[in-house]
Amino acid sequence: MSAGDAGCEPPRLGPLETQVMDLLWDEGASTIRGIIERLPGDFAYTTIATVLSNLQRKCLVDSGKKGRSTVYSARDTREEHVASVMDHALGTSRDRAASILHFAERIPDSDLDLLRDYLRQRDGGGGR
């Protein structure tokens, strides 16, 4: 089940959770020791183990065995996670359409062009 699935709303991440997720998204699956080695600062093994346990509970991380080690990986890509957060935020609005329109008013023209191109292609209108 990914963060966008029923039962797992996109969670808010604390600063250390964000750092750990950034490592998993940017550099791929890792053991606890591998994460500790790549994190700035000096973190205890148990601290990172707890963070990963919390991220699993929040439906963001999966774990599996590789030899004798436990390896942790992100369930979804960063982009899928961000889309899930955006969809959840829209779902909390009392007027989803108004929220979407307010959001569209704030995004740069380059993003609007990207969205227009995507919708045109999705709807069978061809390329650019």
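Which residue in β2 is the bridge partner of Asp-62? The partner is Ser-73, and this briefing shows you the chain around that pair. The model is predicted, so local features need pLDDT of at least 70, side-chain atom pairs count only at pLDDT 80 or more, and totals for chains, interfaces and linings use all residues. Residues are numbered from 1 along each chain as its sequence is written, and side-chain values use heavy atoms, with hydrogens and water left out.

**The chain as a whole**

- You can find six helices and two strands in the chain; helices (H or I, at least four residues) and strands (E, at least two) are DSSP runs, numbered from the N terminus.
- Starting at the N terminus, the elements follow the order α-α-α-β-β-α-α-α.
- Of the 128 residues in the chain, 27% are buried; buried means under 20% relative accessible area, exposed means over 50%, and partly exposed is in between (1.4 Å probe, protein chains only).
- The chain has an accessible surface of about 8,700 Å², and carbon and sulfur atoms hold 51% of that surface; the areas come from the Shrake-Rupley method with a 1.4 Å probe, and for residues only the protein chains shown count as cover.
- Take the contacts between residues at least 6 apart in sequence: 48% of them join residues at least 24 apart. Contact here means heavy atoms within 4.5 Å.

**The strand pair**

- Strand β1 (residues 61-66) pairs with strand β2 (residues 69-74) in the antiparallel sense, over six bridges; two strands pair if DSSP finds at least two bridges between them.

**Helix α1**

- Helix α1 covers residues 15-27, 13 residues in total.
- From its first C-alpha to its last, α1 reaches 18 Å, close to the 18 Å expected at 1.5 Å a residue; the expected span is 1.5 Å times one less than the number of residues.
- Leu-16, Glu-17, Val-20, Met-21, Leu-23, Leu-24 and Trp-25 are the buried residues of α1.
- These buried residues pack against α2 (32-38), α3 (45-57), β1, β2 and α4 (78-91).
- After α1 comes Gly-28, with a positive phi near 90 degrees.

**Glu-17, a residue to look up**

- Glu-17 sits in helix α1 and counts as buried because its relative accessible area is 10%.
- A polar atom of the Glu-17 side chain lies 2.8 Å from the backbone nitrogen of Gly-14.
- Leaving out residues up to four places away in sequence, Glu-17 touches Arg-12, Val-51, Asn-54, Leu-55 and Lys-58.

**The nonpolar core**

- The largest nonpolar core has 17 residues, and those with the most contacts inside it are Val-20, Ile-35, Ile-48, Leu-52, Leu-55 and Val-61. Such a core is a set of buried Ala, Val, Leu, Ile, Met, Phe, Trp, Tyr and Cys residues joined through side-chain atoms within 4.5 Å.
- Two or more residues of this core come from each of α1, α2 and α3, and α1 gives the largest share, six residues.
- In soluble globular proteins, nonpolar side chains tend to be buried together.
- Ile-48 is in contact with Leu-16, Ile-32, Ile-35, Ile-36, Leu-39 and Phe-43, setting aside its neighbours within four places in sequence.

**Cys-59 and its phi**

- Cys-59 is in the loop between α3 and β1, and its relative accessible area of 8% makes it buried.
- The phi of Cys-59 is positive, near 65 degrees, in a residue other than glycine.
- Most residues other than glycine have a negative phi.

- Val-85 lies in helix α4 and is partly exposed because its relative accessible area is 34%.
- Val-85 and Pro-11 are 74 residues apart in sequence, while their C-alpha atoms are 7.9 Å apart in space.
- Glu-79 is also in helix α4, and Glu-79 is exposed, with a relative accessible area of 57%.
- Between the C-alpha atoms of Glu-79 and Trp-25 there are 9.6 Å, and these residues are 54 apart along the chain.

Terms used
Polar contact = N/O pair within 3.5 Å; in protein donor to acceptor, adjacent residues only side chain to side chain.
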